[in-house]
Amino acid sequence: MRKILPLFIAAHIFAFCKPAEAQVHSFDVGMRFQKSIGLYYENGITGQYNLTRRWALGVTYVTSRLGTAWGTNAIKQDNLFASGTYKFRPAHALQPFFSGNLGYFTADYGSPIFDGLPHTSAIASVDGGISYQFKLPVKVNLSLGYNAITGNGTSGAGTLYPVFYQLSVTYNIAKL
């Protein structure tokens, strides 16, 4: 099984990266607005490098410091994660997509009283949604996601909630 899995992955990548579907590599950079259902707004930056018309790799940083915690005493939390995205219908302006994300989460509870509580966690999440590519080099992504790793405050960070939704607005800087 260990020998078959890499062969399967290589065959899958080859099948989706054939020259007819290859696109000039592009790099989308922009803002991401995210809300955990039942908790905070977290905003930040995102970048996505499009390997082909179907596959993209990205890095995103979102924080409550630019959302709910801005000017309030809400918990300051930071999320940094890398993602891999598969796009359906790559020849169309409206593209459904699916992403897998891995990263790191940390929360600053604001007082040494809470130093004994877990405040960091790995991030493993998936999200899926739709992306719209305008005629301008601007793209809008809407998605709903699920964090596989959460906590209750005693066994894991208590402010890493399972369900989130996000809006990203990006600009293809390769068009500059």
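Which residues make up the largest nonpolar core? To answer that, let us walk through the structure together, bearing in mind that this is a predicted model.

We can start with the overall plan. The protein chain holds one helix and eight strands, and along the sequence these follow the pattern α-β-β-β-β-β-β-β-β. Of its 176 residues, 36% are buried. The chain exposes about 10200 Å², and carbon and sulfur atoms supply 70% of that area. Among contacts between residues at least 6 apart in sequence, 52% join residues at least 24 apart.

The mean pLDDT of the chain is 87, with 86% of the residues reaching 70 or more. Among the elements, strand E3 (residues 55–63) has the highest mean pLDDT, 97, while helix H1 (residues 4–16) has the lowest, 52. Over residues 11–23 the pLDDT is below 50, and this stretch has 13 contacts in the model beyond near neighbours in sequence. Where pLDDT is low, the predicted coordinates should not be read in detail.

Now to the strands. Strand E4 (residues 76–87) pairs with strand E5 (residues 94–108) in the antiparallel sense, over 12 bridges. If you want a landmark in this pairing, look for Ala-82, which stands opposite Leu-102 in E5. On its other pairing, E5 is joined by 13 bridges to strand E6 (residues 120–133), and these two strands also run antiparallel.

The turn from E4 to E5 deserves a look of its own. The hairpin has six residues between the strands, and Arg-89 lies in this loop. Arg-89 has a positive phi of about 55 degrees although it is not a glycine.

The largest nonpolar core has 12 residues: Tyr-40, Val-62, Ala-69, Ala-74, Ile-75, Phe-81, Phe-105, Ala-107, Tyr-109, Ile-123, Ala-157 and Leu-160. In soluble globular proteins, nonpolar side chains tend to be buried together.

One is Ala-74, placed in the loop between E3 and E4. Ala-74 has a relative accessible area of 12%, which is under the 20% cut-off, so Ala-74 counts as buried. Leaving aside neighbours within four places in sequence, Ala-74 is in contact with Tyr-40, Thr-68 and Ala-69. Ala-74 and Tyr-109 are 35 residues apart in sequence, yet their C-alpha atoms are 8.5 Å apart in space. Setting aside residues within four places in sequence, the contacts of Phe-105 include Asp-78, Thr-120, Ile-123, Ala-157 and Leu-160.

Phe-105 also touches His-119, which takes us to the loop between E5 and E6, where His-119 lies. At 34% relative accessibility, His-119 counts as partly exposed. Beyond its neighbours within four places in sequence, His-119 is in contact with Phe-105, Thr-106, Ala-107, Tyr-109 and Ala-157. His-119 and Gly-151 are 32 residues apart in sequence, and 9.7 Å separates them from C-alpha to C-alpha.

What does the side chain of each one reach? For Asn-141, a polar contact of 2.6 Å joins its side chain to that of Ser-131. Asn-141 is buried, with a relative accessible area of 11%. Not counting residues up to four places away in sequence, Asn-141 touches Phe-97, Ile-130, Ser-131, Gln-166, Leu-167 and Ser-168.

For Asn-147, the side chain reaches the backbone oxygen of Tyr-161 at 2.8 Å. Asn-147 is likewise buried, at a relative accessible area of 7%. Apart from neighbours within four places in sequence, Asn-147 is in contact with residues including Ile-123, Ala-124, Ser-125, Leu-160 and Tyr-161. Ile-123 and Leu-160 bring us back to where we began, as both belong to the largest nonpolar core.

Definitions and conventions: Residues are numbered from 1 along each chain as its sequence is written. This is a predicted model: local features need pLDDT of at least 70, side-chain atom pairs count only at pLDDT 80 or more; totals for chains, interfaces and linings use all residues. Side-chain values use heavy atoms; hydrogens and water are left out. Two strands pair if DSSP finds at least two bridges between them. Helices (H or I, at least four residues) and strands (E, at least two) are DSSP runs, numbered from the N terminus. pLDDT is the predictor's confidence in each residue, from 0 to 100. Contact means heavy atoms within 4.5 Å. Buried means under 20% relative accessible area, exposed over 50%, partly exposed in between (1.4 Å probe, protein chains only). A nonpolar core is a set of buried Ala, Val, Leu, Ile, Met, Phe, Trp, Tyr and Cys residues joined through side-chain atoms within 4.5 Å. A polar contact is a pair of N or O atoms within 3.5 Å; within protein, one must be able to donate a hydrogen and the other to accept it, and residues adjacent in sequence count only if both atoms are side-chain atoms. Accessible areas come from the Shrake-Rupley method with a 1.4 Å probe; for residues, only the protein chains shown count as cover.
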